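Subject: Structure for your files

Hello,

Here is the structure, with the sequence. My notes follow below it.

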Amino acid sequence: MRVYGSAGVERALRDGYPVLEMLERYCGAEWQTLEPGRARPLEGSSLAVEPFDVGGDAPRYLAGSDIDLEASGFVFRDGAGGGVVTYVPGLARLDNDVLARFAASDLVLVDGTFWRDDELVRLGISARSAREMGHVPLSGPDGTLAALARLPRPRKILVHVNNTNPILREDSPEAATVRTVGWEIATDGTELEL
């Protein structure tokens, strides 16, 4: 199995949470290092992937380690058909670089983890806000829905939706808001064609 990611992710998956070692024992794993801002062809396809930083901090299982890590987004370009998909399952910032990548995409698969910044605090689950956990919330004037509403082009699908997010209830006002602004909510088994 070929696994692509940054050098920091490789180190995290070898030293912090040894998933690569497990994969190597069961099916074999060949690590391919990706560098931010540099496109790399994916073997056996017409696709190239370019990672870029989207902020945030390392996962809790790396707390206290010296592994420097932040979340990555990925731009996939199809050299044959010309389609562009941007995938950002963990979005900690909506700066000009991130928004420009979204605007240049045909499809954006973006972090829909939390509806509100204080979602888990209100539920008594955590004292940390969405932003403190590295996720821009969907709602609010500086949330993902408002920021991407200014982008007319890409199809927008929410991924990585936390089980506390009310958009998962089809009859909720929050889900209705998402549909009203033309967004989609990914479900298990979603297949996409560009």
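Trp183 touches Val110, Thr144, Leu145, Leu148, Lys156, Leu158 and Val178, leaving aside residues up to four places away in sequence; contact means heavy atoms within 4.5 Å. This is a predicted model, in which local features need pLDDT of at least 70 and side-chain atom pairs count only at pLDDT 80 or more, while totals for chains, interfaces and linings use all residues. Residues are numbered from 1 along each chain as its sequence is written, and side-chain values use heavy atoms, with hydrogens and water left out.

Trp183 sits in the loop between helix 6 (173-180) and strand 9 (184-185). Helices (H or I, at least four residues) and strands (E, at least two) are DSSP runs, numbered from the N terminus. Trp183 counts as buried because its relative accessibility is 4%; buried means under 20% relative accessible area, exposed over 50%, partly exposed in between (1.4 Å probe, protein chains only). Its C-alpha atom is separated by 8.7 Å from that of Leu145, 38 residues apart along the chain.

In helix 3 (residues 96-103), the buried residues are Val98, Leu99, Arg101 and Phe102. Seen down the helix 3 axis, they fall within an arc of 160 degrees (taken from the directions from the helix axis to the C-beta atoms), so they line one face of the helix. They pack against strand 4 (47-55), strand 5 (71-78), strand 6 (84-88), strand 7 (107-111) and helix 5 (144-149).

Regards
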